[in-house]
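Reader: Could you take me through the reading of a structural model, feature by feature, giving the general idea before the particular case?

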Amino acid sequence: MTIKLFVQAITKFTLGFILIGILIFLPAGTFSFFNGWLFMGILFIPMFFAGIVMMIKNPNLLKSRLDAKEKRQEQSTVIKLSGLMFLIGFIIAGLNYRFNWFTLPKGVVLVAAIVFLSAYILYAEVLRENTYLSRTIEVQENQKVIDTGLYSIVRHPMYSVTLLLFLSIPLVLGSLYSFIIFLMYPLIIAKRIKDEEKLLEEELDGYREYKQKVKYRLIPFIW
């Protein structure tokens with residue numbers, strides 16, 4: 001662990017907390033938006049402790065997760081589309097609360113929160129299994145194909161987990177209209193996966209064979 005990495009991690013964490021808070025509570029027009037605080041809690045509290053664990057046990061993994069500068073044009077487009085989805089989705093959720101358009105039942109919110117936290121646990125498992133995971137699409141030095149655990153079920157378990165995470169976010173926020181916006185994500189992530197697999201086939205030894213062994217990319221028996 002280095003001071004530079006620590007400062008970088010804390011800075012990004014703080015800026016993320018502030019930015020998402022603004023996108024949710026400013027449109028809501030109040031800090032009394034309970035669903036907003038619920039989401040902020042289940043997102044940032046586990047993120048904080050996960051960051052500490054990575055900083056102590058695997059600082060290189062943390063460093064790669066903090067790096068979000070995509071070099072491939074195709075992936076840069078995906079990042080921009082994802083950012084637009086989050087921007088619109090959070091604002092709509094806040095406006096939904098302010099103007100009481102259509103609020104989802106508390107039972108739906110609770111189940112969505114449980115799904116979100118469960119997906120967070122699976123996300124941690126994916127990071128444990130594959131320490132080569134970075135925010136950007138690249139093949140690292142000495143990287144090898146991971147084909148055990150969740151990677152024996154689907155080729156991109158991290159994206160499978162983010163599918164659960166991101167689709168549960170608008171439900172935690174209690175907004176059906178925001179959920180409709182977040183339905184863009186499966187299309188966005190499919191675009192990212194196709195380009196990523198093209199790179200992996202070209203640059204990662206054994207990936208073509210792995211594709212033959214594990215047939216499904218994202219969802220077992222579907223795709």
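This is a predicted model: local features need pLDDT of at least 70, side-chain atom pairs count only at pLDDT 80 or more; totals for chains, interfaces and linings use all residues.

Reader: How many helices and strands does the chain have?

Author: Helices (H or I, at least four residues) and strands (E, at least two) are DSSP runs, numbered from the N terminus. Here the chain has nine helices and zero strands, so that its elements read α-α-α-α-α-α-α-α-α from the N terminus on. Burial is read from relative accessible area, where buried means under 20%, exposed over 50% and partly exposed in between, with a 1.4 Å probe and protein chains only; of the 223 residues of the chain, 43% count as buried. Contact means heavy atoms within 4.5 Å, and among contacts between residues at least 6 apart in sequence, 76% join residues at least 24 apart.

Reader: At what angle do helix 1 and helix 2 pack?

Author: Axes are lines fitted to C-alpha atoms, for helices over the stretch in contact, and angles run from 0 to 180 degrees between N-to-C directions. Angles under 35 degrees count as roughly parallel, over 145 as roughly antiparallel, 65 to 115 as roughly perpendicular and the rest as oblique. Helix 1 (residues 3-28) and helix 2 (residues 34-57) pack at about 170 degrees, with their axes 11 Å apart, and are therefore roughly antiparallel to each other. The residues that meet include Phe13 and Phe17 in helix 1 and Phe44 and Met47 in helix 2. By class, this contact has 16 nonpolar, three polar and no charged residues, where Ala, Val, Leu, Ile, Met, Phe, Trp, Tyr, Cys and Pro count as nonpolar, Asp, Glu, Lys and Arg as charged, and the others, Gly among them, as polar.

Reader: How many aromatic pairs are there, and why is the pair of Phe48 and Phe49 classed as it is?

Author: Rings of Phe, Tyr and Trp (its six-membered ring) pair if their centres lie within 6.5 Å; planes under 30 degrees apart count as stacked, over 60 as edge-to-face and the rest as tilted. By this rule the count comes to 21 aromatic pairs. The rings of Phe48 and Phe49 have centres 5.5 Å apart and planes at 85 degrees, so this pair is edge-to-face. Phe48 is partly exposed at 36% relative accessibility, whereas Phe49, at 51%, is exposed.

Reader: Which kind of pair do Phe116 and Tyr120 form?

Author: Phe116 and Tyr120 are also an aromatic pair, edge-to-face, with 5.5 Å from centre to centre and 85 degrees between the planes. These two residues are four apart in helix 5 (residues 106-129), which means that about one helical turn separates them. Phe116 is buried at 2% relative accessibility, and Tyr120 is buried at 16%. Both belong to one aromatic cluster, whose members include Phe39, Phe86 and Tyr185.

Reader: Is Glu197 buried or exposed, and what does its side chain contact?

Author: Glu197, found in helix 8 (residues 185-203), is buried at 3% relative accessibility. A polar contact is a pair of N or O atoms within 3.5 Å; within protein, one must be able to donate a hydrogen and the other to accept it, and residues adjacent in sequence count only if both atoms are side-chain atoms. The side chain of Glu197 makes such a contact with the side chain of Arg217 (3.2 Å). Leaving aside neighbours within four places in sequence, the residues in contact with Glu197 include Arg155, His156 and Lys211.

Definitions and conventions:
Residues are numbered from 1 along each chain as its sequence is written. Side-chain values use heavy atoms; hydrogens and water are left out.
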